[in-house]
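This briefing sets out the fold, the ligand shell and selected backbone features of one protein. Please read it alongside the sequence and the coordinates.

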Amino acid sequence: MKLYTSPIGPSPHIARILFALKDIDPQIVEVDMLALENRQDDYLRINPAGQLPCLVTDDGVTIAELSAIAEYLDEIKPDPVLTGETAAERGMTRMRMRQCDFLIFAPMVLGYRHGEGRKFFGPRITLHDGISEPAKTIAQEGLAWLDPLLDGQSFICGDKLTYVDIIFFVTVGFFAQQGQPLDPSLENLAQLMARLEAHDIVGGTA
Ligand SMILES: N[C@@H](CCC(=O)N[C@@H](CS)C(=O)NCC(=O)O)C(=O)O
């Protein structure tokens, strides 16, 4: 399988962690994100969403979106399991992923792209005035919603590491450096970040 990716950016970093956890070595195809190669026709023919990373299976199917990549890897190599071992665990993982996407990650990304990240994203997407700050507020509200759900458990979906934790760790860690710090009063989430930082692969140098 081929992984189209980049040495920079949080999403490619998440992909590296997923592949390292699974101990799978895909063929790496580096796409020059800074030179906008991911927004040009050759790459858009592979991944019309124009973003990195994306996986192309040996059958030639493109799988973009980190949660979909994580689930695909889980199916071809369920060790370690990152989605869940039972139907109920997988249901929980998918539910929390979608909630984190809607309530936290998507607004964080909007806050950044239409705010601090304008210079980088100007040539890539249509920028809109006035949405960055409200989006950041919505992301903070999402984090405040999530925090108490972690009472008495080690990870976002319970006591087992899932791909939601990995996406959360890198995404929230990245945006914390870009004007969206994690409120330290959200103690469960602060502890989660520390726990993941201490994980040899997730917090390592993948
Ligand atoms: N929702 C996507 C996000 C992918 C994404 O945002 N990729 C960024 C890199 S961190 C990207 O391709 N940025 C360059 C661009 O949008 O032109 C996923 O889960 O894979």
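**Briefing on the predicted model**

Leu 36 lies in the loop between strand 2 and helix 2; helices (H or I, at least four residues) and strands (E, at least two) are DSSP runs, numbered from the N terminus. The model is a predicted one, in which local features need pLDDT of at least 70 and side-chain atom pairs count only at pLDDT 80 or more, while totals for chains, interfaces and linings use all residues. Residue numbers start from 1 along each chain as its sequence is written.

**Backbone features in loops**

- Leu 36 has a phi near 70°, a positive value in a residue other than glycine.
- Leu 36 is partly exposed, because 13 other C-beta atoms lie within 10 Å; a residue is buried if 20 or more other C-beta atoms lie within 10 Å of its own, exposed if 12 or fewer, and partly exposed in between, with C-beta atoms placed from the backbone.
- Glu 65, in the loop between strand 4 (62–64) and helix 3, also has a positive phi, near 80°, in a residue other than glycine.
- Glu 65 has 16 C-beta neighbours inside 10 Å and therefore counts as partly exposed.
- Leu 52 and Pro 53 are joined by a cis peptide bond with omega of about 5°, and Pro 53 belongs to the loop between helix 2 (41–46) and strand 3.
- Asp 79 and Pro 80 are likewise joined by a cis peptide bond, with omega of about 0°; Pro 80 is in the loop between helix 3 (66–76) and helix 4.

**Overall architecture**

- The protein comprises eight helices and four strands.
- Read from the N terminus, the order of elements is β-α-β-α-β-β-α-α-α-α-α-α.
- The radius of gyration is 17 Å, close to the 17 Å that the globule rule gives for 206 residues, so the protein is as compact as a globular protein of that length. This radius is taken over C-alpha atoms, and the globule rule is 2.2 Å times the number of residues to the power 0.38.
- Along the principal axes, the C-alpha atoms fill a box of roughly 50 × 45 × 30 Å.
- Buried residues make up 33% of the 206 residues.
- Of the contacts with a separation of 6 or more, 63% are between residues 24 or more positions apart; two residues are in contact if their C-beta atoms, placed from the backbone, lie within 7 Å.

**Strand pairing**

- Strand 1 (residues 2–5) pairs with strand 2 (residues 27–30) in the parallel sense over four bridges; two strands pair if DSSP finds at least two bridges between them.
- Within this pairing, Lys 2 has Gln 27 of strand 2 as its bridge partner, and Tyr 4 stands opposite Val 29 in strand 2.
- Strand 1 also pairs with strand 3 (residues 54–56), in the antiparallel sense over three bridges.
- Tyr 4 has Cys 54 as its bridge partner in strand 3.
- A right-handed β-α-β unit is formed by strand 1, helix 1 (residues 10–22) and strand 2. A crossover is right-handed if, with the strands pointing away from the viewer, the path from the first strand over the helix to the second runs clockwise.

**Ligand shell**

- The ligand is surrounded by 13 residues, of which the closest are Gly 9, Ser 11, Gln 51, Leu 52 and Leu 66; a residue is near a molecule if its C-beta atom, placed from the backbone, lies within 6 Å of it.
- This shell consists of five nonpolar, five polar and three charged residues. Ala, Val, Leu, Ile, Met, Phe, Trp, Tyr, Cys and Pro count as nonpolar, Asp, Glu, Lys and Arg as charged, and the others, Gly among them, as polar.

- Asp 101 is placed in helix 4 (residues 87–113) and is partly exposed, because 18 other C-beta atoms lie within 10 Å.
- Between Asp 101 and Ile 69 there are 15 Å in space, C-alpha to C-alpha, and the two are 32 residues apart in sequence.
- Glu 133 belongs to helix 6 (residues 132–146) and is exposed, because 12 other C-beta atoms lie within 10 Å.
- Glu 133 is 30 Å from Ile 17 in space, C-alpha to C-alpha, with the two 116 residues apart in sequence.
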